[in-house]
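Please look over the sequence and the model before reading on.

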Amino acid sequence: MYLYSNYNNNMKLSAQFVSKLEDNLPSTGKITCKSPSNIALIKYWGKRPVQLPENPSISFTLDTCRTITTLTYKKRTVFSDDFNFEFFFEGKPKEDFKPKIQKFFQRIEGYVPFIKQYDFVIETENTFPHSSGIASSASGMSALAYCIVAIEKELNAEMTQREMMQKTSFLARLGSGSACRSLEGPITLWGYHKEIPNSTDEYAIPYPFEVHENFQNYRDTILLVDKGEKQVSSTVGHDLMHGHPFAAKRFEQASENITKLTSIFKSGDIDAFIEVVESEALTLHAMMMTSLPYFILMKPNTLSIINKIWEYRKASKSKLCFTLDAGANVHLLYPENEKETVLDFIKRELVVYCQKGQYICDKVGLGAQLL
Ligand code: DP6
């Protein structure tokens, strides 16, 4: 198999294979990929070098919130020991994004050594509003990683789709941890869990067990409560788990919650799903409130929305619940059969808490695609 014959350990290509690749590199080309964002049900919060999670996480892959990236590559005529790329966001050069990509290239170079042989132009755009407070790192890094692996694939007809997905997820992880969960769908798992075969800290895998039809086509409507810059970057946030008084217990709890979610996905028990998912969201924020320095990333409107959801659930038979990222926006998760009633509820009661009344309707999706 390609992986075993051409990689030694950890996705690295063998020296022999690298020289074969380098002899056959295409001189120029263009690859476009679209890759979605994802929303974690069991949260990744805490990592160790390099980009390895302290606990396993599970997410719904989204559908509408995507990054579309075109990578144009041209073989260099003069050797240089540096990466060379231009970066355009929505048609305009964006210098402040370059250090993140430079770091990404440095981290992945050992696995895709041919990237130093090319000059790249990276053109990217998001389907969601730029300043929506929605992290574009998951969709952005997974899209770029996919374009790079697609160059390798061009040289290697033998590389299977599964191997391609694994390597892409592996590289995406080195750009942004949660990005490794965006490549496939509708549910992915990242991080070793003793009850989940083939689970690994190195890349995400498609959730391997049965999922009840109650969770098919699940909806995620993102209420944009605060569209400003993140108060604390994820990287800084993850660091706060080092020496955090509750860290060890939290990592254990996340693994237990994965076990719970596995049986919930099988049985279709949405009430139990709500309990795990909302508890995960609040625990993530509790970790930030109890670290040093401490942060409150919710806004008053975040809390108002949560209370409204709880009231609504009490007063109706709705299975609507919420989850949160490391920010003030609220993700509303609900079964497909409630899509009209929940939309009514949002318009009637929740829109007032959204900045400029904005929200994004999304649902679970199937992952990245080459175009
Ligand atoms: C709260 O993946 O953005 O969204 O690995 O530093 O890029 P880096 O962090 P990132 O962290 C995401 C954290 C989270 C939870 C989650 O998506 O699991």
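This is a predicted model: local features need pLDDT of at least 70, side-chain atom pairs count only at pLDDT 80 or more; totals for chains, interfaces and linings use all residues.

**Ligand, helices and loops**

Q: What is the distance from an oxygen atom of the ligand to an N or O atom in the side chain of D325?
A: The side chain of S234 has an N or O atom 3.0 Å from a ligand oxygen atom. For the side chain of D325, the corresponding distance from an N or O atom to an oxygen atom of the ligand is 3.3 Å.

Q: Are α7 and α8 roughly parallel or roughly antiparallel to each other?
A: Helix α7, residues 247-267, packs against helix α8, residues 270-289, with the axes 10 Å apart and at an angle of about 160°. Angles over 145 degrees count as roughly antiparallel, and therefore the arrangement of α7 and α8 is roughly antiparallel.

Q: How many nonpolar residues does the contact of α7 with α8 have?
A: Residues of α7 including L261, I264 and F265 meet residues of α8, among them F273, V276 and M287. By class, this contact has three charged residues, three polar ones, and nonpolar residues numbering eight.

Q: Which residue does a cis peptide bond join to G185?
A: The residue in question is placed in the loop between α5 (161-175) and β8 (187-190). With omega at about 0°, the cis peptide bond joins G185 to P186.

Technical notes
Residues are numbered from 1 along each chain as its sequence is written. Side-chain values use heavy atoms; hydrogens and water are left out. Axes are lines fitted to C-alpha atoms, for helices over the stretch in contact, and angles run from 0 to 180 degrees between N-to-C directions. Helices (H or I, at least four residues) and strands (E, at least two) are DSSP runs, numbered from the N terminus. Angles under 35 degrees count as roughly parallel, over 145 as roughly antiparallel, 65 to 115 as roughly perpendicular and the rest as oblique. Contact means heavy atoms within 4.5 Å. Ala, Val, Leu, Ile, Met, Phe, Trp, Tyr, Cys and Pro count as nonpolar, Asp, Glu, Lys and Arg as charged, and the others, Gly among them, as polar. A polar contact is a pair of N or O atoms within 3.5 Å; within protein, one must be able to donate a hydrogen and the other to accept it, and residues adjacent in sequence count only if both atoms are side-chain atoms.
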